Amino acid sequence: MKTREVIEWLDATFKPEYQEDYDNSGFLLGDARSDYRGALVALDLTPAVVDEAVRTGASLIVTHHPFIFTGVKRLTDGSATGRMVMTLAKNDIAVYAAHTNLDNLPWGVSGVLAAKLGLEQCKVLSVKCETEGVGSVGAGMVGELPEPAPVEGFLQKVKEVTGIPFVRVSPLDAARCAPRTVRRVALCGGSGAEFIGDALRAGADIYLTADLKYHDFQRTDGRMVLADIGHYESEQFAKEIIFRAISEKFSNFACRISDVQQGIVSYI
């Protein structure tokens, strides 16, 4: 099997045409004519992940975040990106990314997080388009808990599911009229501040996302709890989606989730 066959299947499955205009998803590096030996899945391409691919004999790395995102002017051994590219080229390893297209698919990043939190009757939060076969395409999800839950209790479940030690959250005191129980939950894996308004219009009791700024927490006027659950933590299950899809299709070839991949932000 050639790498080209896997790339074509990844395109058909993760649909790069649904990525945002600013994004750079898809086949990023490598020789599509080379022999396919197996894949390594990670959230980000890092030197440790590249070394792991070399060590395990993978011929393709599939990430969520594209490592080539803005203009690259030099590829030399003077930068981490340059060194990674040279190592990848020497070892005939290709790189593919499924980023905002995987965010926008209903069964993608936000969809899998919603499922892990037990949400039901889920719908896309901010619809980009309606398509035959896929349905609603767009950012985030909104759904219902089977039963109302105290805000603190639900946030504890969020921490357990994502493995995050703490959550940045808007004030919960009654004076600010914040909801004390949660039933309708909106969420968006990764940076989702731009969809706060959509979550409010959807009638969400709480909105989970990442990369919120200080003044973002003032935008709900107490009508909804706002929680920042971390970028890596909210998107980490993208690795499971990619791994499962590749493993089921190409079961005769090794596919593994990176053992060295960690979030780039630490909690101390």
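The questions and answers below concern helix packing, a sheet, a nonpolar core and backbone angles in a predicted model.

Residues are numbered from 1 along each chain as its sequence is written, and side-chain values use heavy atoms, with hydrogens and water left out. Because the model is predicted, local features need pLDDT of at least 70 and side-chain atom pairs count only at pLDDT 80 or more, whereas totals for chains, interfaces and linings use all residues.

Q: How are α2 and α3 oriented to each other?
A: Helices and strands here are DSSP runs numbered from the N terminus (helices H or I, at least four residues; strands E, at least two). Axes are lines fitted to C-alpha atoms, for helices over the stretch in contact, with angles from 0 to 180 degrees between N-to-C directions. The axes of α2 (residues 47-56) and α3 (residues 80-90) come within 10 Å and cross at roughly 10°. Since angles under 35 degrees count as roughly parallel, α2 and α3 are therefore roughly parallel.

Q: Which strands stand at the edges of the open six-stranded sheet?
A: Two strands pair if DSSP finds at least two bridges between them, and the mixed sheet has the order β5-β6-β8-β9-β10-β7. Each edge strand has a single partner, so one side of each is left without a neighbour in the sheet; these strands are β5 (120-131) and β7 (168-169).

Q: Which residue of β6 is the bridge partner of glutamate 130?
A: Strands β5 and β6 (residues 135-150) run antiparallel and are joined by eight bridges. In β6, the partner of glutamate 130 is serine 136.

Q: Which residues does phenylalanine 154 touch, apart from those up to four places away in sequence?
A: Phe154 is among the residues with the most contacts inside the largest nonpolar core, which has 52 residues; such a core is a set of buried Ala, Val, Leu, Ile, Met, Phe, Trp, Tyr and Cys residues joined through side-chain atoms within 4.5 Å. Taking contact as heavy atoms within 4.5 Å, phenylalanine 154 touches Leu117, Leu145, Ala149, Val182, Val185, Ile206 and Leu208.

Q: Is aspartate 221 buried or exposed?
A: Aspartate 221 is found in the loop between β9 and β10, and its phi is near 50°, a positive value in a residue other than glycine. Buried means under 20% relative accessible area, exposed over 50% and partly exposed in between (1.4 Å probe, protein chains only). At 61% relative accessibility, aspartate 221 therefore counts as exposed.

Technical notes. Angles under 35 degrees count as roughly parallel, over 145 as roughly antiparallel, 65 to 115 as roughly perpendicular and the rest as oblique.
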